[in-house]
Amino acid sequence: MNGEERTKSLRKELRKHNHSYYVLDQPTISDYEFDMKLKELQGLEAQYPELYDPTSPTLRVGGMVTKNFETVAHNQRMYSLDNSYSKEDLEDWEKRIQRGLGDVEVEFTCELKYDGASISLTYADGKLLRALTRGDGFQGDDVTTNIKTIKSVPLKLTGSYPPKFDIRGEIVLPFEGFAKMNAERIENGEEPYMNPRNTASGSLKLQDSAAVSKRPLDCLLYGIVGQNTGIESQWQMLEKAREWGFKVPTVAKLCKTTDEVMEFVGYWDVHRHDLPYETDGVVVKVNSLQQQDELGYTSKSPRWAMAYKFKAEQVSTVLNEITYQVGRTGAITPVANLEPVLLAGTTVKRASLHNADQISKLDIREGDTVFVEKGGEIIPKIIGVDFGKRPQNSEPTRYIDQCPECHTQLVRTDGDAKHYCINYYGCPVQITGRIQHFISRKAMDIEGMGGETVTLLFQEGLITDYADLYTLTKEQLIPLERMAEKSAENLVNGVKASVGIPFERVMFALGIRFVGETVAKKLAKAYKNIDAFIVATEEELMAVDEIGDRIAQSVVEFFRNEANLEIIARLKSFGLQFALSADKLENQTEKLKGQTFVVSGVFEKVSRDELKKLIEDNGGRVGSSVSSKTTYLVAGDKMGPSKRAKAEKFEVSIISEDDFLVLVG
Ligand code: AMP
Ligand code: ZN
């Protein structure tokens, strides 16, 4: 097989695996094998740029940046849906339909109403041409580059599809992926996202498509619009869309009567909690497209479709007490302690109240009867107070002004919704929180030790910072409660073993605010050892790709602190890794030392990520925006005009991909 044939056959094969994995949820190959094949394809594509194919599976990783999303008119208007809330509503609707059509037989399809962000995809000759958000229904934003990174969106269709058509659906963020994203954010000391729907629609408008590709988004389709599609019914439409490679949930039913529709609604009102993504109702549609045509549209919605909204899962219960939690960064979170109540299948005892503003906005007080709702959010939320049930002696909530753990005066800075305890070194919860973060799995991964042990050791006065862990002895531990000789030994050994944990993870373990796993990796790579990192200025830090002012500020603050420097010196003396290991430094040169590059546009021979890696491996830095500090702007195809203008303003040399490759040899 020659290079061209191999490229084409790999593309075809990988498309098939993508379809099995992301559309059918039936993997047909291991992740490892998939990655190997993808790498091979990337290599071939770099070697044969003339074989460029906009539908290649390699384009799923993103890399294109959109500064402004272009507004484009929809080929056909995207309508809203009328809502119904009861069987009577549905029966009224059916009567209106019968009146409109004359007394003929009508069938209905029932589908779930997926709760995400609407999307309209245009396909021409079997290839994804364009993706538009709903916008105002007449025109939407072109988010094609971002949509291409969603693996369940086929870039190329299979079977016999019409030459040109639009297909509509919903971009959703499944619960599992949402929970994972939030766990990461919390670990990084950031506020978690509120709910999957907003996060999904926010994702479509991210400028960096590579960031979108990392979000576990899914695209569920339900409607085809276009001339001469050969489709006669809604049911057939779903089947055809599946045949052509789209992800169309199999939960759907063809019904003849309102009773059958209600049966579907009743079943899914309960079982929707078992689905991997959020739904907020059922959409009932007249099945025959010819009948749909006859019925037509009102000024805002089709007459042939009706949404049946599930009741928001809501209960009321008594708010017993508001307590306050202190996080490892000192952030205070008010928590509502509720009279336990059953909601959407689980017992709810607590709900987050977020911050002081939220409490005063809703005028929430202890003793109130409150409404608790569980929508897409994993954590239930309080949406209001039943003022009719407010006790006579009720008093407005006075937000705490002292830390509940250490009684330090709380601080709230402008623009921050949260109050903070700034007693960084004295507040017990912050101290143990930092040590717990240090030992956690993604950080130093210290075996034989858990969060409770940390609290115990702290209370016994054996540790006051994470460096103290390395001085613990078996003899100190054995007398402690619930500490057998064996577990004491495991703990000491676990601590000892952690000195081999690589530099980038040590950086993460330090617990610098806003320095999460990915940022820690980036910084470790850019600075290579802790000494260079400690002395970095805010400006230098911000020149590193993806490092913003918030992170830079936090890093500088961390190292400005003598106590932190002392802890690091002690950790060093215990042998922890404070420089990149030799094998990571291998293949690395200093050719680009002291030079900062900004990369823009699309490249032919190497991907953007590879380009950035080459820069970093050769001692250079990747910057995110052109400034007077930039040495070179590496320009690919379709480079943004503002980057060029800035480069000219700051007299930064613009070089091509080839120029760059010569530079690194
Ligand atoms: P609304 O925004 O409440 O007017 O509801 C209309 C929206 O529901 C549409 O824009 C679709 O994006 C969304 N939707 C979700 N699932 C479906 C479905 N199965 N059929 C039609 N529309 C759906
Ligand atoms: Zn405190």
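Ala, Val, Leu, Ile, Met, Phe, Trp, Tyr, Cys and Pro count here as nonpolar, Asp, Glu, Lys and Arg as charged, and the others, Gly among them, as polar. By that scheme, the shell around ligand 1 divides into five nonpolar, two polar and five charged residues. The model is predicted.

**The ligand shell**

The residues around ligand 1 include Ser80, Leu81, Ser118, Arg134, Glu170 and Tyr222. Also among them are Glu111, Leu112, Lys113 and Tyr114, as well as Val283 and Lys285.

Two elements, β3 (108-114) and β10 (279-286), each give two or more residues to the shell. The largest share comes from β3, with four residues.

**The sheet behind it**

Both of these strands belong to an open sheet of five strands. The order is β2-β11-β10-β3-β9, and the pairing is mixed. At the edges lie β2 (83-84) and β9 (252-255), each pairing on one side only. Strand β9 pairs with β3 in the antiparallel sense, over four bridges. Within that pairing, Cys110 has Lys253 of β9 as its bridge partner.

A helix joins the picture. Helix α3 (residues 87-101) packs on the sheet and touches β2, β3, β10 and β11 (305-309). The direction of α3 makes about 175° with that of β11.

Key:
Residues are numbered from 1 along each chain as its sequence is written. Chains are lettered from A and ligands numbered from 1 in the order in which they are written. This is a predicted model: local features need pLDDT of at least 70, side-chain atom pairs count only at pLDDT 80 or more; totals for chains, interfaces and linings use all residues. Side-chain values use heavy atoms; hydrogens and water are left out. A residue is near a molecule or strand if one of its heavy atoms lies within 4 Å of it. Two strands pair if DSSP finds at least two bridges between them. Contact means heavy atoms within 4.5 Å. Axes are lines fitted to C-alpha atoms, for helices over the stretch in contact, and angles run from 0 to 180 degrees between N-to-C directions.
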